[in-house]
Amino acid sequence: MPSRRLLFDLRSPNDTICRSCRLAIRQRLTPPQVRSAAYSSRTTTNTPATAATATTSTRRRPLGNAVARKPSREELLQSLERIRSLRSSPQKEDKESFSVRYFEQNDNERTELSTENDFDGSLDQLDATELKNVLLGIKEEMGGKEERDAFDEVVGQLGGDWDKMKTAADLEKLVSRMDAYNAVIDAEIDKTGAELPKEVLDELNLELPGLPGMGNLGSRMTLPQIPEKPWTINQRKKIARLNSVLARVSRDMRRDTKLNRKSVQAVYKAYHAARLSLAHGWNNVPLDVWDFLWKVFSADESVNIHRLSHISLLSRDMSEAKIVLSPKQQLLTIEAVFVDGWDAKAIENWKRCMSSLGDEQADTFQEFWELGVRMFCRVKDLDQAQRAINKLLDRQTDPRILMPLIRTCSELGTEEGQERAWTIYRQLRALLGPDMKIEDYDQVISYFLATNQTENALYAFVDMMSLGKIDLKKQKHLPSVIANKFFFGKWLKRLIGAGDLNGALSVVNFMRKKGVDAAPIHLNGLIGAWQRSGGADDLERADEMAWGMIESRIRFVEERRDGRNTQKAPSATQSNGSMPLPRATLETFSLLAENYRLRGLHDQLQGLWNASCDAEISPDAFMINQLLESYIQAGQSKEALELYQALVTEQGVKPDPYTFSALWKTLGINRLQRIADDAYAAETEATRALFAETVKFRDVFAPDGMDGQLARKILHTFRRVRDHAGLIVALTSLRDVFRFFPPEMLVLEMVLGTTKLSWDSTAHRHRLVAAKRNLDRGLVAWAEGDLSKLEGDRRGEALFEYLQKQYWPADADEVAKRTAFREAATQMGVYDLLKKSARQR
């Protein structure tokens with residue numbers, strides 16, 4: 001694009017220089033001229049003849065005319081030439097002796113120059129005063145402050161130091177800054193215009209005609225579009241839709257927006273729909289459209305999961321259109337064709353491109369031969385793969401290209417293949433040396449474990465742990481430093497953490513064959529990982545291993561009960577010659593219990609409970625909680641309470657807060673939608689008894705106090721059974737015993753009598769707004785208008801008293817109230833505690 005003249009079409013980012021300003025610039029700004037004029041005056045020093053000559057010269061050119069008319073550049077150059085000739089001519093001491101004085105004249109005053117060098121420089125200097133005055137005049141004519149600030153921003157981008165602009169070099173620097181600023185503005189216009197639809201661009205072209213060097217705004221955009229004229233009416237519909245999608249995605253990419261799956265799918269869907277129509281005239285598809293389609297379809301697989309499939313289709317169409325692919329595109333096409341199922345054709349094309357893409361001087365040398373290695377390994381052509389690897393290794397490329405060959409040799413399933421895989425692994429280790437990372441070892445080990453080469457996997461793991469100092473291939477038996485549960489435990493932990501659960505199972509079976517005991521904690525970790533995966537096969541493996549460990553525990557208990565030596569029992573070795581699984585621990589039972597409870601397998605959980613009794617495993621609170629939840633889910637609340645009584649009351653198992661969260665679900669008022677009116681008395685008694693049981697184990701809630709969800713369930717339970725006296729006692733006990741203050745949302749729930757604040761209907765909204773308004777008024781009244789009193793813990797006190805007042809009995813006399821509160825506190829087991837707390841307050 002040709003460069004623009006200074007300030008004619010300069011625009012700030014917000015385009016506040018209007019068309020009238022540009023016209024004013026054209027009218028007022030003239031090309032910079034040399035405004036300085038130099039004059040010489042000959043002053044006689046000796047003879048009268050000289051004075052007469054000077055006087056005559058002065059008469060010929062009066063001083064007033066010289067000042068009134070500005071000398072031209074040619075006249076100034078002639079004067080300079082005459083002065084130089086006078087300097088070069090020999091001086092006559094008596095008759096022609098003279099001196100030269102230099103002056104510079106502007107519109108208002110004349111200034112004498114001190115030296116001849118200043119005079120020489122004055123001819124080359126420029127006066128930017130007029131340009132500066134023009135800019136200041138434009139700024140003064142602008143209406144608003146925003147426009148003036150924008151104008152100052154433009155001038156600041158150009159430098160704005162007009163007083164220092166004296167020479168042509170300074171002017172060139174200003175022009176350079178102007179060009180750079182114009183380039184920035186052009187880029188901003190391109191980017192902004194790319195985001196605008198065609199209709200808006202056309203409107204802008206009508207409103208802003210004739211901008212110098214600007215051209216048509218729409219012509220600045222280079223959106224990939226297919227011409228619609230060569231096609232039929234039916235074909236144009238699909239092509240127009242494709243053009244629309246291409247334009248939209250292209251604009252998004254110009255905004256520096258990354259491609260996403262939705263954009264790629266939209267482009268592919270539109271292209272696939274128009275593909276049959278385009279096939280009638282591939283030569284009508286512009287090259288920039290092909291390039292854009294390739295850019296979209298070749299996006300990373302995280303964006304385009306069908307990347308290679310799309311590239312395979314596109315490359316075939318480009319071949320039909322006689323489009324020449326770049327070397328990078330050819331490589332990706334070969335890979336796409338191979339992955340798409342055309343193995344023979346892809347390998348044939350790869351071999352045909354060997355002399356061009358695979359040349360040692362080609363930029364695609366490494367990528368070409370690496371692709372060959374992967375393809376030949378996939379079709380199990382090991383000799384060709386080895387030749388391609390040798391090509392790469394001769395050029396000192398990354399030895400990790402041996403990884404696909406290790407995997408292929410391992411997958412052969414033959415002793416020769418496994419031996420070759422090990423040899424290639426040792427070659428890889430030798431080539432990498434200290435550069436071999438843990439991830440490389442993990443990759444090789446996973447290849448060995450996936451193909452049942454547990455021994456090779458162990459040898460590679462020992463290589464990694466010992467840094468190559470221990471070579472198990474040269475030893476007949478496993479050394480004691482390796483054959484122990486701690487070393488294998490590190491391996492199992494690493495495999496489980498990496499998600500290689502099948503590999504971990506292979507290691508466990510290998511340990512059992514080699515007579516190495518596994519630690520129960522490691523097998524529990526494997527069981528938990530299987531359960532978290534959720535697959536049917538994984539859950540089956542978890543149950544099988546867990547119950548095998550439980551059987552080992554039960555067998556151990558029986559042998560101990562019979563007085564046999566449990567260390568050298570006959571059953572220590574199974575019939576297949578492998579070691580039995582280690583004995584189950586409490587963690588094993590807890591894992592199964594939680595899994596059965598989540599899956600709703602109540603019968604299996606009951607069987608697990610019976611097995612834990614046979615295994616003499618002392619249950620803990622976690623085990624109790626799983627059993628209670630399972631009973632509740634099965635609708636057996638009575639059995640859940642009986643289990644709690646048997647374990648906690650009789651066997652002395654200490655519950656935890658989650659135990660009571662489960663127990664409060666067993667109450668009928670919390671399980672049933674409705675209860676009979678004559679059942680409220682029994683429910684009230686059961687609710688007060690359960691609260692007394694909760695207070696009995698108040699130590700389990702220390703030191704943080706009761707959880708908000710459990711406290712919420714307790715208060716709503718008393719509200720549902722219509723036990724206001726019990727509710728006030730419970731509210732006071734939660735504050736004094738369990739250090740719980742009701743939050744604002746819970747207070748609103750209790751006031752409205754619901755466990756779910758609704759905003760769905762108009763009536764619900766009005767009730768909620770009214771309750772919130774009354775609550776705010778009550779809090780302000782409690783604080784006596786001083787809102788600072790409602791900060792911190794004091795707000796909790798205010799909410800407590802407000803809720804207490806809402807449920808405080810209003811009709812009964814003081815004696816009846818006192819009697820009701822004493823009876824409720826006694827039944828709830830907090831009478832003495834509240835009495836003591838009241839004295840302390």
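Mentor: Let's start with helix 23 and helix 24, which are roughly antiparallel to each other, because the angle between them is over the 145-degree cut-off. This is a predicted model, so please read every value here as computed from a prediction. Two packed helices are described by the angle between their axes and the distance between the axes. For this pair, the angle is about 150° and the axes are 11 Å apart. Helix 23 covers residues 501–514, and helix 24 covers residues 520–533. The crossing of helix 23 past helix 24 is left-handed.

Now look at the side chains where the two helices meet. Helix 23 brings Leu501, Ala504, Leu505 and Val508 to the contact, while helix 24 brings Leu523, Leu526, Ala529 and Trp530. Sorted by class, that contact has eight nonpolar residues, with no polar and no charged ones.

Of its 841 residues, 42% are buried. Among contacts with a separation of 6 or more, 66% are between residues 24 or more positions apart.

The model has 23 aromatic pairs. One of them joins Tyr425 and Phe448 edge-to-face, with 6.4 Å centre to centre and 85° between the planes. Tyr425 sits in helix 19 (residues 415–432) and Phe448 in helix 20 (residues 438–450), so this pair links distant parts of the chain, 23 residues apart. Tyr425 has 0% relative accessibility and therefore counts as buried, and Phe448, also at 0%, counts as buried too. Elsewhere, Trp350, Phe365, Phe368, Trp369 and Phe376 form one aromatic cluster.

Finally, visit a few loops. Between helix 20 and helix 21 (454–466) you will find Asn452, whose phi is near 60°, a positive value in a residue other than glycine. Asn452 is exposed, because its relative accessible area is 65%. Arg739 lies in the loop between helix 34 (724–736) and helix 35 (744–752); its phi is near 55°, again positive in a residue other than glycine. At 57% relative accessibility, Arg739 counts as exposed. The loop between helix 32 (680–696) and helix 33 (708–720) holds Pro703, which is joined to Ala702 by a cis peptide bond with omega about 0°.

Key. Residues numbered from 1 in each chain as written. Predicted model: local features only at pLDDT ≥ 70, side-chain atom pairs only at ≥ 80, totals over all residues. Heavy atoms only, no water. Axes fitted to C-alpha atoms, helices over the stretch in contact; angles between N-to-C directions. Helix = DSSP H or I, 4+ residues; strand = E, 2+ residues; numbered from the N terminus. Parallel < 35°, antiparallel > 145°, perpendicular 65-115°, else oblique. Left-handed = near helix turned anticlockwise from the far one by under 90°. Contact = heavy atoms within 4.5 Å. Nonpolar A, V, L, I, M, F, W, Y, C, P; charged D, E, K, R; others polar. Phe/Tyr/Trp six-rings, centres within 6.5 Å; stacked < 30°, edge-to-face > 60°. Buried < 20%, exposed > 50% of the residue type's maximum accessible area, 1.4 Å probe, protein only.
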